[in-house]
Amino acid sequence: LNLTQCHYQTIAVCWNTESTKPKKLHNIHVGIAVYRMESRLDHLYRSILLTKFFTRGWGHPDHLQKIIKLRKLVGSRKTAPQEYLINQDKNITITKEETQDDAILLTGHFPTPVMNYLPDMCPPEIQQAHFQAVLPKSPSPGPRPLVLQFAGTGDHFFWKRRKLMALPMIKERNVASIILENPYYGLRKPKSQLRSSLHHVSDLFLMGACIIMESQVLLRWAQKEGFGPLCCHGISMGGNMACLAASAWPHPIGLVPCLSWTSGSVTFCQGVMSKAINWKLMEEQLTMTKEYRNDVWNLVDSPEFDSEKRYLSKHRVSVDDNHHPILSKMGRRTKQHHPSPDALHFMRGLMDECTHLGNYSTPVDTELVELVLAEYDAYQPRQGVVPLHQLWPGCRTRTIEEGHIRSYLLKQHVFRSAVYDVLERMGDKYPDTYA
């Protein structure tokens, strides 16, 4: 079975499980109106997962307004609040120290700074930020590089990132790591939440706000402890979170986002993840609660909008007969509810407002950014949104000839190689800083 077969057509194409031939869809236009055949394994894997997203809808309109207003502040290094960083390292508590293989593991926690701004939105479980530092038992002379790792979707606790990235980086290059637990995951998962199924869209945005502020605390702590050069890294959703963290850091920093792209809007509106959303519930809430269209929408801004909050023609997703671009024959057999244009537009606007990297400061030095992409990625489509290398001129790209799932399972060494290259570039470019 060829899991990464790709065809180029002048019309949109998708795969089904019974044929390798492209199938026509109903007059779908995304960007240049060219769709690639995506990884069959990506589609198959997502179809057998039980996890659903935003099972209770958009979230309270008041909560969405509050988180959007905070995002607008933290999105720029010029306006981002800084008072939470004063003496914040004194709030870090190390609860456990142990040795594993060639590493020393320090497990700790500190209060999430978001409690200073959105206390009424933070469930008890997410109010403490949990992390694990994975440090070389025998540090090398000279610079002490460290990678701050962010979790992808469904990556609970520390063990997976420790095993796949942190411990190999110590063995291969003596590179330290700090692994941050996502809000709503692992030690921070609310008791009422099933697996990775976030209840509301607003939960994802609150997760991002927490990650931005918590990462600044950990980077400052690492810097104070003598580590550097520093690098942010994550896979899939973790890649986007790494970008947000690096955008907020006021100094040159390495950044290696893997299997992620410019905005979460393409993930949830075009990628296979769109089939894990209860679009019928979303439409009902959008129709019944006027505050979404009035108060919330008035705050929404996307770098993809024109002056009337419509998507620029080259990045517009238009769907005839209410067919979603990714809902293929498999989706129709399962009687998937297709999203209405209004719900799709509202979701895309919200996602762009809070996750589009064009709404955040550009990293201080984009030459220290290395994008790792999967050529046939069905989770993170790259059509329909401004390319990240256009937003961040100077960044580099390497591409894996696989889909999302196979890249994650088989190409961790490529991710580590990109991290090493970025750390070396930092040392070469800033020799006086990392002597």
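Predicted model: local features only at pLDDT ≥ 70, side-chain atom pairs only at ≥ 80, totals over all residues.
Strand β10, which spans residues 370–374, is largely enclosed by the rest of the structure, because 5 of its 5 residues are buried. The burial extends to both faces of β10, with Glu370, Val372 and Ala374 covered on one side and Leu371 and Leu373 covered on the other. Strand β10 is joined by 5 bridges to strand β11 (residues 396–400), and the two strands run parallel. Within this pairing, isoleucine 400 of β11 is the bridge partner of alanine 374, a residue that also belongs to the covered face formed with Glu370 and Val372.

As to the backbone, most residues other than glycine have a negative phi, and most peptide bonds are trans. Against this background, phenylalanine 54 has a positive phi, near 55°, and is placed in the loop that connects α1 (40–48) with α2 (61–74). Phenylalanine 54 has a relative accessible area of 0% and is therefore buried. A positive phi, of about 75°, is likewise found at tyrosine 184, which is not a glycine; this residue lies in the loop between β7 (176–180) and α4. With a relative accessibility of 3%, tyrosine 184 falls under the 20% cut-off and so counts as buried.

The peptide bond between glycine 228 and proline 229 is cis, with omega at about 0°.

Technical notes:
Residues numbered from 1 in each chain as written. Heavy atoms only, no water. Buried < 20%, exposed > 50% of the residue type's maximum accessible area, 1.4 Å probe, protein only. Helix = DSSP H or I, 4+ residues; strand = E, 2+ residues; numbered from the N terminus. Pairing = 2+ DSSP bridges.
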